[in-house]
Every structure is written in C-alpha cells, then in structure tokens.
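Visitor: I would like to learn how to read the features of a model like this one, step by step. Could you take me through it?

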Amino acid sequence: MSAIYLVRHGQASFGSANYDQLSELGRQQAARAGLALRERIPAPDLVVCGALQRHRQTAESFLGAMGLPATWTEDPGFNEYDHIEIVNRYLTPPEVMSRLKKAADRGQAFEKLFVEALERWQDAAYHAEYAENWPIFRDRCLRALDRVAQAIAGGKRNALVFTSGGVISTIAMELLEFPLERYGALNWRLANAGITKLVVARDDRFLSTLNEHGHFEGEFAHMLTYR
C-alpha cells in the first residue's frame, strides 16, 4: 500500500496585510515537522505543493530539515479557499470589527464568526455569490487528491503534499463521511505543520491519522499553534 502525507502549512501571518507568508515560528514549525517525518520516510517518491507562498515556504523548510532538495510538483488544486471573500460575503469589515470589539474573548469570537461564514459559503442558497463556492472547492480538492493517488499507484510509494487546513478538512470529511456541520470545527482545530496520513490501496483511500502534531509535544510544546 502507498501513503500520502498531507502537511498543513506552518503559522502564517494572521492579522497582517499579507497573510500568505510564514512567520518565523511558521518556518521553525515546518522544519520541526520535517525532522519528525524524516525518520519515517527518508525519501518520498513524490512531493507536491500548492501554489500559495505559505505552501512553498513550508515545503522549503520541511524538505530542508529532511535533507532533501527544495523541488516539487506544483498543483494549485491544493490551494486554500478564499477566506477573505468567505468572511466578507457574510459580514462587511466594519461589521466584523464591531462584533469583535464587543467580545470578551476576541479569539473565540472570530472563530465563531468564521465558522458561521463557512456555513453560509456551504449553503446552496448562496452558492451563486462566490467566485469559488463550496461544491467547486470540494471537487477541486478531491480531484487534486486523485492526481496524487494515481501518481503513486502500485507498490509501496509515499507522497508528501503541502497544503492548507481547508483542503485537509475537505479530504478528511470525504473519507470519514462526517456531517458537513462539523467541517468548520475540524478546520479550526488543525495544527500548523500538522500531518495527516492517507493510505492508498488500489482504488480505495483510508484515513490513517488526522492532524498528527506529536512533534510539538514535550520540549517543543511552545511551538504548537493553530492560526
């Protein structure tokens, strides 16, 4: 059986003008995850990376820690959804700020707001309002997964994929068949530089592990983040 390791990007620049770049901690997280996986798969047969900057930066640090060259096949099918459009279709920026200012815990308030925005995005009544609605995004993610699974089909081969939490949550939801209303909660709780392992056997895919982040326990616990 073959395996696909989905790696969520390291901590990006949440709250800054350019979210799509890793923080210094994000680079360290990616390197730490690469060291942890090096013992398990010294030489992956295929490396695939989404087209976003945070994906590429994660891949560079991760592969460097594994002692591998920073080379991969780029596949925009593993890009994240447009979180800015999803939030702005739900509330205007002034409405978002007003809601957060009234909250006792702004982190929890933003989580609730974002999950509500995701639910609207996934509601068929609003699909026409989005440049990439939920069905299109879901299909894109699953087609990207198909491409990787087909590329490593046959024998015992391993693939590394650098992507985002929304993509990983979509794939996990498909394989586990869990209800759509739990999507936002899962998505919000995926660790930066966490690893999800899929086992590929013939035409079947199985979720072996979800959101592995044991590499951020013990002396590395201070490196664990979710945003």
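Predicted model: local features only at pLDDT ≥ 70, side-chain atom pairs only at ≥ 80, totals over all residues.

Visitor: Let us begin with a helix: how many of the 12 residues of α7 are buried?

Guide: A residue counts as buried when its relative accessible area is under 20%. In α7, nine of the 12 residues are buried, so this helix is largely enclosed by the rest of the structure. The buried residues are G165, G166, V167, I168, S169, T170, I171, A172 and M173, and what covers them includes the strands β1 (2-8), β4 (158-163), β5 (195-201) and β6 (204-212), together with the helices α6 (134-151) and α8 (183-188).

Visitor: What span should helix α7 have, and how far apart are its end C-alpha atoms?

Guide: At 1.5 Å a residue, the 12 residues of α7 (residues 165-176) should span 16 Å, and the end C-alpha atoms are 16 Å apart, which agrees. Just after α7, E177 takes a positive phi of about 55°.

Visitor: At what angle do α6 and α7 pack?

Guide: Two packed helices are described by the angle between their axes and the distance between the axes. For α6 and α7 the angle is about 80° and the axes are 10 Å apart, which makes α6 roughly perpendicular to α7. On the α6 side the contact is made by W134, F137, R138, C141, L142 and L145, and on the α7 side by G166, V167, T170, I171, M173 and E174.

Visitor: Which residues of α3 meet which residues of α5?

Guide: From α3, H83, I86, V87, R89 and Y90 meet L113, F114, E116, A117, L118, R120 and W121 of α5. Helix α3 (residues 83-90) and helix α5 (residues 106-122) pack at an angle of about 90°, with their axes 9 Å apart; angles of 65 to 115 degrees count as roughly perpendicular, and α3 and α5 are therefore roughly perpendicular to each other.

Visitor: Turning to strands, which residues of β2 lie on one side and which on the other?

Guide: In β2 (residues 46-49), L46 and V48 are on one side while V47 and C49 are on the other, and since these residues are all buried, both faces of the strand are covered. Strand β2 runs parallel to β4, to which four bridges join it, and C49 has F162 as its bridge partner in β4. Strand β2 also runs parallel to β3 (residues 73-74), joined to it by two bridges, and here C49 stands opposite E74. Between β2 and β3 the chain passes through helix α2 (residues 53-66), in a β-α-β crossover that is right-handed.

Visitor: How many bridges join β1 to β5, and how many join β5 to β6?

Guide: Six bridges join β1 to β5, which run antiparallel, and A3 has V199 as its bridge partner in β5. Strands β5 and β6 likewise pair in the antiparallel sense over six bridges, with L207 of β6 as the bridge partner of L198. These two strands form a hairpin with two residues between them, and R202 in the turn has a positive phi of about 55°. Strand β5 is mostly covered, with six of its seven residues buried.

Visitor: Finally, is Q29 buried or exposed?

Guide: Q29, which is found in helix α1 (residues 24-38), is buried, with a relative accessible area of 0%. Not counting residues up to four places away in sequence, Q29 touches G10, Q11, N192, A193, F216, M223, L224 and T225.

Notes. Residues numbered from 1 in each chain as written. Heavy atoms only, no water. Expected span 1.5 Å × (residues − 1). Buried < 20%, exposed > 50% of the residue type's maximum accessible area, 1.4 Å probe, protein only. Contact = heavy atoms within 4.5 Å. Pairing = 2+ DSSP bridges. Right-handed = clockwise from strand over helix to strand, strands pointing away. Axes fitted to C-alpha atoms, helices over the stretch in contact; angles between N-to-C directions. Parallel < 35°, antiparallel > 145°, perpendicular 65-115°, else oblique.
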